[in-house]
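Visitor: I'd like to go through this model with you, beginning with a single residue and then widening out. Could you put it up?

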Amino acid sequence: MQDEDSYSPGTMRRSRLRIMLIALLWLVFLSAINWVITSHVMKRNPSSSTHIVQGAGPLAPHAQKINPNQQNTHPENDKMPDQGQNEESDNDDEFFKSEEDDDVDDDNQEEPEKFMAEDEQVSQEESDERGQNEVAIEGGGGEDCERKNNFVFIKVHKAGSTTAMGIFLRYGYEHNLTFVLPRRTPSLGWPAQLNEDFYIPLKNNAFNILTHHTVYNRDLISQIMPKDSYYLAILRHPINILKSVFNWCSLDSRLSIKSDNPVAYFLENIDQYAKQLDGVDSPVTLRNFMSFEFGYKSSPVQPSDDEIQMFVKTIKKDFNLIMILEHLDESLVLLRRIMCWDITDILYLTKNAESYDYRRAEISSDEVRMHREMSKVDYALFEHFNATLWEKIEQQGSNFQDEVEHFKTVNGKVTKYCVALDHSAVLTFNETKWYSTFSVDMEFCKNLYKPQKAYDKELKARQEPLVTDTYWDTKADVEARWVRPKLPC
């Protein structure tokens, strides 16, 4: 009878209840363990990290006005990106191999003077022009400062522009903004000027940022960029550009120069090499190398002083800020204030910096004079905007240099943290008068490290829902007539 009772319906119901109760207790126990683990992780990796901005830009989750039913993709990679990895199957490797060395950390570069040009006395009418009236108030930011998200960056070869472009790519990526992205190569058709065959069109020209290599043409660029876009660029002392181009294009070998200081030897014997240079099959020349990027058409015939000044005046009118590589940190702090950005937006790692034997070789004043005769427009452009950079800095007030020094310290700590690859704990910076408390973690470092090729791939996937229907209809035709642009050397 005992065995029969043990299998009675009442006994079986009690057994099932006991099993359910034990299972419920296990679930509660496992949930408690999960809560403890999650809380511990959140303390180490706060979700309030400032480098992911929610709700900004046309690609933010709430702002997909063109096609609200289509979701954007946000490709992620848990591994630290390798700057040298091959992200795509397209055969564009030679373009990336030829990218510039930025030389951002070269302490022995030709140092431009912090001078005020004699011709800088401007009239009230001139002060209303684009390049003169966009100076931030002391300290930058603040409640009355509106963040600028629409901008054009003219990427000048050999002038630290890859490092600067890294800042702008990360800014747009983290703020969910849209880019004018190239169809095929890393550039927007450079050395040709912009046309619709070179970029992926978006509905209603919904672009925020243009930062890939292109030759400046205001009329063409303004057709696709918002009217309130800010225009930015970067320049470098022309003699430092010449050194970098010599290395980039292996001109010492191509010109059969056997010297420890081939740039100096070249300048001392410029007449001997002029014809050889004219015979080099290249879209640009060593004459006025930077000015070419701003749309100047170089020729063996020297321009008049009036022509040079007219060209400089046009660039001055069109651009809000032209940075100087030799004063990169000052330029970036000024950029932050003008654009009403945060300090996290301008943090950077030097990219594409190379070392070569004659990089630190001295160039005499006579040799600089010879180069000036060869590239008068470049020197006029550089000296004017070096002067105006310091004019704008003078207007920033007494705490500007304090912010620059603090920025250098912060950027140095972030660089050390990211390079160390030990991200077991986040790096936190407490609030100052220039920024609120923020943290740097592995995700932030990944975006700092990420090269252009990886950004381009992710941005193309993210922007795909915004691409015009005509892009797909004409893609085959455009690719059929596409011709690989010439490399600079």
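Guide: Asp441 counts as buried, at 12% relative accessibility, where buried means under 20% relative accessible area, exposed over 50% and partly exposed in between, with a 1.4 Å probe and protein chains only. This is a predicted model, in which local features need pLDDT of at least 70, side-chain atom pairs count only at pLDDT 80 or more, and totals for chains, interfaces and linings use all residues. Residues are numbered from 1 along each chain as its sequence is written, and side-chain values use heavy atoms, with hydrogens and water left out.

Visitor: Where does Asp441 lie?

Guide: Asp441 sits in the loop between E6 and helix H18 (442-449), helices (H or I, at least four residues) and strands (E, at least two) being DSSP runs numbered from the N terminus. Its C-alpha atom is separated by 8.8 Å from that of Thr428, with the two residues 13 apart along the chain.

Visitor: And Glu431, buried or exposed?

Guide: Glu431 is exposed, its relative accessible area being 59%, and it belongs to the loop between strand E5 (427-429) and strand E6 (438-440). Leaving aside residues up to four places away in sequence, Glu431 touches Ser436 and Thr437, contact meaning heavy atoms within 4.5 Å.

Visitor: Switching to backbone geometry, which peptide bond is cis?

Guide: The bond from Trp190 to Pro191 is cis, with omega near 15 degrees, and Pro191 is placed in the loop between helix H5 (161-174) and strand E2 (209-210).

Visitor: What about phi at Ser250?

Guide: Ser250 is not a glycine, yet it has a positive phi of about 50 degrees; it lies between helix H7 (238-248) and helix H8 (251-254), in the loop, and counts as partly exposed at 36% relative accessibility. Ser256, also not a glycine, has a positive phi of about 55 degrees, and this residue is exposed, with a relative accessible area of 56%.

Visitor: Now helix packing: at what angle do H12 and H16 pack?

Guide: Helix H12 (residues 305-318) and helix H16 (residues 376-394) pack at about 40 degrees, with axes 10 Å apart, the axes being lines fitted to C-alpha atoms over the stretch in contact and angles running from 0 to 180 degrees between N-to-C directions. That makes H12 oblique to H16, since angles under 35 degrees count as roughly parallel, over 145 as roughly antiparallel, 65 to 115 as roughly perpendicular and the rest as oblique.

Visitor: Which residues in H12 meet H16?

Guide: Ile308, Phe311, Val312, Ile315 and Lys316 in H12 do, and they meet Lys376, Val377, Ala380, Leu381, His384 and Phe385 in H16.
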